[in-house]
Amino acid sequence: MKLELGYIPIRDIQFSSTSKVDGELLYVNKQELIDLLLQDEAIATVEVDIARPGESVRITPVKDVIEPRVKVSGTGGLFPGWCAKVDTVGSGRTNVLKGAAVVTAGKIVGFQEGIIDMTGEGARYTPFSKLSNLVVIIEPKKDLAQHAYEKALRLAGLKAAEYLGKLAIDIEAKEVHTYETLPLIEGVKAYPDLPRVGYVLMLQSQGLLHDTYVYGVDAKQILPTLIGPTELMDGAIISGNCVSACDKNTTYHHLNNPVIEDLFSEHGKTLNFVGVIITNENVFLADKMRSSDRTAQLCEYLSLDGVIISQEGFGNPDTDLIMNCKKIEAKGIKTVIITDEYAGQDGASQSLADADAAANAVVTGGNANEVIHLPAMDRIIGSIDAVDHIAGGWSGSLNPDGTITAELQVITGATNELGFNHLSAR
Amino acid sequence: MKQLQVVHYLNQFFAQIGGEDKADIPPETKTGPVGPGMAFQAAFGQDANIVATIACGDSYFNENADTALTDILEKIASFKPDLVVCGPAFNAGRYGVACGAVASAVRDKLNIPAITGMYIENPGVDLYKSTVHIVSTKDSAAGMRDAVSQMVPLALKLARGEEIGSASEEGYIPMGIRKNFFDAKRGSRRAVDMLLRKMAGEPFETEFPMPDFDRVTPNAAIKDISKAKIALVTSGGIVPKGNPDHIESSSASKFGKYDIEGVSDLDAQTYETAHGGYDPVYANEDADRVLPVDILREFERQGKIGSLSRYFYSTVGNGTAVASAKKYAQAIGEELLADGVDAVILTST
């Protein structure tokens, strides 16, 4: 399976009468996009706004972030099972509007969403402050049940990203990156002397706002399985979750999974990157047992020498993480786990809800309880009302002058457990 | 830069008063640097000046801990120093405990920066590593030169209120305090590098050493549940509608205590969840799903249990530090005992 990603750098987004990509500028016909999204009967109103790097803008409550992409050649289309029909993606050519993103916002449950600041202290912690963001704010029809509202907002984000991505179908890419995974036996023959490395990607699957979808299937329903790394780059996995905002994988993270990128960069040099095993983080013990058993068995079946395991979320999923680690290590396969920490505001508490001596190689995305101070912004996109109630805020987090004192948890993507950021703790 | 004023704490041996035969001497003050203080003074150069040395016998300190410490603190405070250096104690156990206790008290009670040095196995390390910077030294005074060269730069930083780097950078024993920082490499790259080293059998350093977990042994089973007073305690965030105590949706700073006398069913009009870490829809529809008041009232009527305790306790487990949870559990446990509760049903989410 071989995929070429064509990068088209985007420097700015502007509203215009015609949607198009011109040089490094992305022009958007606002009304055309609003009309497209309003086709969903669940949606009452759509607002579209632009947030640029360095602007004094706060976006909240953030739901998802999605990178605009388009399939140029190869089977299937972007976001199979949602925007495109179900067909295997991950080969051929895909164009990417690099530097642009769709951000969805809307008050869903009241306390489950995140903050993206485009400047100041908060901007240091979120990767999305460096992007030109098209923000889509969706209000539902009256009395729409919360689960249905979440779904409508999720689909609106994907559709908006697809709409923007399609503008780049005929544009010549500035850079082309090629990723290839050989079939199992061919891989063994090509790299007989290199250690065989796999990636166990844990997907959040705990319920409303804690779901992830694979080719349209709710990840709660899957057994651990193999997926080609390039399939993720075409949107085979999308996010349906956001809380706590700091350590949930947005769709943008799935499209740009850094573990996959960094394993590919060593592929054929210091290691043989065999493939990705996806597993879930269900709430029932039987599911945890079953999924970690299957995951360890797949690792053994692939004759792996080493595995990187990435977590999503914290607390309850710490048990899935440790079960995966213990069972894979017990097969004689070396592991490194990527997690984040809840060590208390003072940093003095134990960081994880589960632990085992087998987890002797840990990468951390930082302590999500650490308190940060965010300056006031000139402009709010979305609604500031939820700040006291979102995970990481408290009564009084939002000060009358517009400044915010809260835990790092509130920042979208701040302690990402795919290792997307440079943040760590010691 | 202003020259810092330093007081040095030593035991009877290093203060050149005597060996074990002098271990029972009470605290005394000497002017300027003494013994190892000479090496410290040389290393401080013009940056700092050791104005006095306080010496105390190891046996005296450990046998008269409270009075000795009070006496030493008074003597130190009289010099109004900017910094207090204790030891280093190497592997001397009683001396290590004294150095840790003095440094810790200077920091907490006098609000003056303090530093000490010890060998990793000194009993003073376990007692004081989380409260003071203890530089890791060799196990005997043969390591004095190294200890001084490690302690002096860190001591100056502490005294000047400068940012302190990680334990491995600065040479102190990890304090167990987690602090965020931006690494040169992103996390995924660090993971790949760590895995390559681990697979090759090369040394690697984990970013988070696994903690030791408390394991709680379950109490003996209740002999006759039909006579037992049962209480409900939850980390699932069930609160009266409106969340009157403002319990946070994550990283709870408190727990709530709520009266359910006369309540036989938690409904959507009167109860809800404050928890931000799970799908709240079903808990808000019927909070009995998390806190089963309805079924316990039924059991109470049927005589299956003795009674349901008048109050339930609730906090939010989501993102709440283990140390906070432990504190709430102790407070709740004391109240339950005082109320004569025989058994508790703990529900999570």
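## The six-stranded sheet of chain B

Two strands count as paired if DSSP finds at least two bridges between them, and by that criterion this predicted model contains, in chain B, an open sheet of six strands with mixed pairing, in the order β2-β3-β1-β4-β5-β6. The edges of this sheet are formed by β2 (28–31) and β6 (133–137) of chain B, each of which pairs on one side only, and the twist from one strand to the next averages 25 degrees.

Within the sheet, strand β1 (residues 4–11) of chain B runs parallel to strand β3 (residues 48–56) of chain B, and the two are joined over eight bridges. Asn11(B) stands opposite Cys56(B), which belongs to β3(B). Helix α3 (residues 65–77) of chain B packs on the sheet, where it touches β1, β2, β3 and β4 (83–86) of chain B, and its direction makes about 155 degrees with that of β3(B). Helix α6 (residues 144–160) of chain B lies across β1, β3, β4, β5 (114–119) and β6 of chain B, and runs at about 165 degrees to β6(B).

## Overall form of chain A

Chain A has a secondary structure of nine helices and 25 strands. Its radius of gyration is 21 Å, close to the 22 Å that the globule rule gives for 426 residues, so chain A is as compact as a globular protein of that length. Along its principal axes, the C-alpha trace of chain A spans about 55 × 55 × 35 Å.

Of the 426 residues in chain A, 61% are buried. When the contacts in chain A with a separation of 6 or more are considered, 78% of them are accounted for by residues 24 or more positions apart.

## A three-stranded sheet in chain A

Chain A includes an open sheet of three strands, ordered β2-β4-β3, in which the pairing is mixed. Its edge strands are β2 (12–15) and β3 (20–22) of chain A, each pairing on one side only, and the twist averages 25 degrees from one strand to the next. Strand β4 (residues 25–28) of chain A and β3(A) run antiparallel and are joined by three bridges, and the bridge partner of Lys20(A) in β4(A) is Tyr27(A).

## The surroundings of Lys71(A)

Lys71(A) is found in strand β7 (residues 69–73) of chain A. This lysine counts as buried because it has 25 C-beta neighbours inside 10 Å, where the cut-off for a buried residue is 20 or more.

Apart from its neighbours within four places in sequence, Lys71(A) is in contact with Gly76(A), Gly77(A), Leu78(A), Gly92(A), Thr94(A) and Asp234(A). By contrast, Ile384(A), which is 313 residues from Lys71(A) along the chain, has its C-alpha atom separated by 37 Å from that of Lys71(A).

## Where the two chains meet

Between the chains, 69 residues of chain A are in contact with 48 residues of chain B. On the side of chain A that touches chain B, at least two residues each are supplied by α7 (258–266), β19 (306–310), β20 (334–341), β21 (362–367) and β25 (423–425) of chain A, and β21(A) gives the most, with six residues. By class, this side of chain A has 32 nonpolar, 28 polar and nine charged residues.

Note on methods
Residues numbered from 1 in each chain as written. Chains lettered and ligands numbered in written order. Predicted model: local features only at pLDDT ≥ 70, side-chain atom pairs only at ≥ 80, totals over all residues. Helix = DSSP H or I, 4+ residues; strand = E, 2+ residues; numbered from the N terminus. Axes fitted to C-alpha atoms, helices over the stretch in contact; angles between N-to-C directions. Contact = placed C-beta atoms within 7 Å. Buried ≥ 20, exposed ≤ 12 C-beta atoms within 10 Å, placed from the backbone. Nonpolar A, V, L, I, M, F, W, Y, C, P; charged D, E, K, R; others polar. Rg over C-alpha atoms; globule rule 2.2 N^0.38 Å.
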